[in-house]
Amino acid sequence: MFGQDRSQIRQFFLDVWARRRRGETLDPLATQIVDAIEAHPEYHALFDAEDAALHGEYLPEQGASNPFLHLGMHLAIREQTATDRPAGIRAAYQALCERLGDSHQAEHAMMDCLGESLWTAQRNGTPPDEQAYLECLKRLAAR
């Protein structure tokens, strides 16, 4: 969708945000990105300072959260639940929404499982284990 280049991905998000601020018409993907950004007012000033956002280093060991990764995870979870892939994720998401009373908070909770799945796959040099990911989500929804 965006390529593998970090700068290209970040620039795409920033361009979409700038288009939103100018009141331009957005395509469906841009609308999804804007929806995720708007749900995070803590990122608005950063996205308004495009150069800082584009070149920022968001290192966990410095206590920084990467806004682009965070927003990308929202988009991934929304795509997964819309397509129900892996099969059963939509039901786990709906259960979390009911338990937490808020779809945005459900996505935040799901990010822990998604992040763990991606980290494990990267560490092992394998594709993400969809079953392990889904089991993590089911445990989360059952709490």
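Trainee: How many disulfides does the structure hold?
Mentor: One, taking a disulfide as a pair of cysteine sulfur atoms within 2.5 Å. Keep in mind that this is a predicted model, where local features need pLDDT of at least 70, side-chain atom pairs count only at pLDDT 80 or more, and totals for chains, interfaces and linings use all residues. Residues are numbered from 1 along each chain as its sequence is written, and side-chain values use heavy atoms, leaving out hydrogens and water.

Trainee: Which cysteines does the disulfide join?
Mentor: C113 and C136, with S to S at 2.1 Å. The link is left-handed, at -75 degrees about the S-S bond. C113 lies in helix α7 and C136 in helix α8, so the pair ties together parts 23 residues apart in sequence. Helices here are DSSP runs (H or I, at least four residues), numbered from the N terminus.

Trainee: Is C113 buried or exposed?
Mentor: Buried, with a relative accessible area of 4%; buried means under 20%, exposed over 50%, partly exposed in between (1.4 Å probe, protein chains only). C136 also counts as buried, at 13%.

Trainee: Switching topic: what is L137 in contact with, leaving aside its neighbours within four places in sequence?
Mentor: I89, A92, M110 and C113, with contact meaning heavy atoms within 4.5 Å.

Technical notes:
Helices (H or I, at least four residues) and strands (E, at least two) are DSSP runs, numbered from the N terminus.
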